[in-house]
Amino acid sequence: ETRAENYQYKNRYILTGIKSGLMMIDQHRAHTRILFELFLSQIENSQGISQQVLFPELLELSVDDALFFEQLLPDLKHVGFDFEKLENNSYSVKGVSSHVGTGSVIDLLLEMLDKAKTTALDTTSGIHETIALILAETASLKVGQRLSAEEMSDLIDKLFGCANPNFTPDGKKIMTIFTQEELEK
């Protein structure tokens, strides 16, 4: 189905014409869904791409946090993180996932550790999903980010390649369709 050109509204929503009317996509939620499925498949297939960092950053943890962090390590390695364990519950961060933005890696890891602690990690799939979701939320497009026509088009294509393009992993609606009839009213 050929699509009309896309329009970005308030740097937050992408509007695109479809056969039955107009579709409005929340770009941040859409990107979170795309990255979530990507990270999850990388974790399950150990296929993350790592980017070596020029200057390794130091992650310093308390004894309890370090024990908990050890549980997350295998999955983090699968999505492309590379750590060297140092003494005193610290780690040198030598590589990061190629899909994680340019923000502080240490902040990202601490935020992830924090969220993971409050989530019941009772099953392996639970751990996988928690890590994939936290990474996706942290790495996804921020609300208010301007997108080029190409980026909008790419985002829509990737969204429709997802197993579940309608909802974010935590159940929020990604898109709304306004029918021709509704628009005419």
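At what angle do helix 2 and helix 3 pack, and how far apart are their axes? The two helices pack at an angle of about 105°, with axes 11 Å apart. The model is predicted: local features need pLDDT of at least 70, side-chain atom pairs count only at pLDDT 80 or more, and totals for chains, interfaces and linings use all residues. Residues are numbered from 1 along each chain as its sequence is written, and side-chain values use heavy atoms, with hydrogens and water left out.

**View 1. Helix 2 (residues 63–78) against helix 3 (residues 105–118).** Helices (H or I, at least four residues) and strands (E, at least two) are DSSP runs numbered from the N terminus. Axes are lines fitted to C-alpha atoms, for helices over the stretch in contact, and angles run from 0 to 180 degrees between N-to-C directions. The angle of about 105° makes helix 2 roughly perpendicular to helix 3 (65 to 115 degrees; under 35 counts as roughly parallel, over 145 as roughly antiparallel and the rest as oblique). Asp65, Phe68, Phe69, Leu72 and Leu76 of helix 2 meet Leu109, Met112, Leu113, Ala116 and Lys117 of helix 3, where contact means heavy atoms within 4.5 Å. By class, this contact has 8 nonpolar, no polar and 2 charged residues (Ala, Val, Leu, Ile, Met, Phe, Trp, Tyr, Cys and Pro count as nonpolar, Asp, Glu, Lys and Arg as charged, and the others, Gly among them, as polar).

View 2. Strand 5 is joined to strand 6 (residues 90–97) by 4 bridges, and Asp82 stands opposite Gly95 in strand 6.

**View 3. The largest nonpolar core, of 35 residues.** Such a core is a set of buried Ala, Val, Leu, Ile, Met, Phe, Trp, Tyr and Cys residues joined through side-chain atoms within 4.5 Å; buried means under 20% relative accessible area, exposed over 50%, and partly exposed in between (1.4 Å probe, protein chains only). Phe69, Leu76, Phe81, Phe83, Leu109 and Leu135 have the most contacts inside the core. Helix 4 (124–139) is among the elements that each supply at least two residues, and it gives the most, with 8. Leaving aside neighbours within four places in sequence, Phe69 is in contact with Leu59, Leu61, Leu76, Phe83, Tyr91 and Leu113.

**View 4. The open sheet of 4 strands, in the order 1-2-3-7.** Strand 1 (6–9) and strand 7 are the edge strands, each with a single partner strand, so one side of each is left without a neighbour in the sheet. Strand 2 (residues 13–18) and strand 3 (residues 21–26) run antiparallel over 6 bridges, and a hairpin joins them through 2 residues. Gly17 stands opposite Leu22 in strand 3, while Gly21 has Thr179 of strand 7 as its bridge partner. Helix 5 (residues 149–160) lies across strand 1, strand 2, strand 3 and strand 7, at about 100° to strand 1.

Definitions and conventions. Two strands pair if DSSP finds at least two bridges between them.
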